[in-house]
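The following explanation is intended for a reader meeting this structure for the first time. Please keep the sequence and the three-dimensional view at hand while reading.

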Amino acid sequence: MKFVYRKDSHIINIAEAFLVVIIWATSWIIIKNNLSDIPPLFFAGARYFLASLFLLLWCSASGKIREVKTITPKTWPLIILLGIAMYATAQGGQYIALSYLPSNHVSLFMNFSPVFVSLLGITVLGEKLTVLKGSGIIIYISGISVYFLPLASTGGKTAGYIAATVCFSSHIIASLTGRYLNRSRKASPMVITAVTMFIGGTLLFITGTAVEGFTMFSISGLISLLILVVINTCLTFPLWNKTLRYLSASESSMISSTMLIFIAILAWYFLSEVPTIKETAGIILSVSGVMLVQRRGKNRISRNGKTGHSYPVQRT
């Protein structure tokens, strides 16, 4: 079987993943600015429930909705698990955590997930963690530690840290489940995104309404909601699911972790929060770690579209 080198396609996938992460970083500022007026669970539920309706309409108009019929009974439990983990618990936990804690503290919790995802990716997904990638993870964790540590005392914000832990744990489950579903081609990225988001978003919206009550959005709040729904959700989540087909779990997780850096940059630009020398050193270390993780051998593509990697993955 003849293989050819396709380095350019891998670079494009990495660039697409970084674009998604940069857009997602803006969500943190938008969310933080509106949590004083909108309850966190209701806010998160409204965003993902409305976004899922847009995506389902998109799938219906394009004819992709028919792919739902091809999802096997054995796959549906994973679809439901991904919807609950990715949207109901992870996003609900993030919004609650942001209502109690500074965004940097929540980001710090989230950026320890690559270690767990990479290690679990070895045993669960059969992926290989090379010495180079392992070194990159260590350098990256060192960078975010330099940037944020030592942390201040909880100061009565225990609920925020519990919510951040729930968000962190749910993201680990969602990363591995989403990686499996997208690499095994059970359905297109758009369909997986729409269906899982509808499941998780509906559960989150019902829970938020029941616990916090229905809240009317102000004009500025409605604009923020529409930005989060159309740009930061409907356009980015399908693209992110697409990249999961071609990037390993450790690569995807590490790219996602750079959101920490982009959040800091956006806070510097929009909030005039100039980083200290220690924080700048942390950013440099973090970027260096990500660059090491992204280094890889040649991608070989066969005629049937399957890529030859050092770890066994399925492609089409």
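The model is a predicted one.

Two packed helices are described by the angle between their axes and the distance between the axes. Helix α2, residues 40-62, and helix α3, residues 76-100, have axes that come within 8 Å and cross at roughly 135°. Because angles over 145 degrees would count as roughly antiparallel and those from 65 to 115 as roughly perpendicular, α2 and α3 are oblique to each other. Their crossing is right-handed. On the side of α2, the contact is formed by Pro-40, Leu-41, Phe-43, Ala-44, Arg-47 and Tyr-48, while α3 contributes Tyr-87, Gln-91, Gly-92, Tyr-95, Ile-96 and Ser-99.

Helix α8 covers residues 189-212, and its 24 residues, at 1.5 Å a residue, should span 34 Å; the C-alpha atoms at its ends are 32 Å apart, which agrees. Just after α8 comes Gly-213, with a positive phi of about 85°.

Attention now turns to Val-146, which lies in helix α6, residues 131-148. Its relative accessibility is 29%, and Val-146 therefore counts as partly exposed. Setting aside residues up to four places away in sequence, Val-146 touches Lys-278, Ala-281, Gly-282 and Leu-285. Of these contacts, Gly-282 is 136 residues from Val-146 in sequence, yet the two C-alpha atoms are 5.0 Å apart in space.

Technical notes:
Residues numbered from 1 in each chain as written. Predicted model: local features only at pLDDT ≥ 70, side-chain atom pairs only at ≥ 80, totals over all residues. Heavy atoms only, no water. Helix = DSSP H or I, 4+ residues; strand = E, 2+ residues; numbered from the N terminus. Buried < 20%, exposed > 50% of the residue type's maximum accessible area, 1.4 Å probe, protein only. Contact = heavy atoms within 4.5 Å. Expected span 1.5 Å × (residues − 1). Axes fitted to C-alpha atoms, helices over the stretch in contact; angles between N-to-C directions. Parallel < 35°, antiparallel > 145°, perpendicular 65-115°, else oblique. Left-handed = near helix turned anticlockwise from the far one by under 90°.
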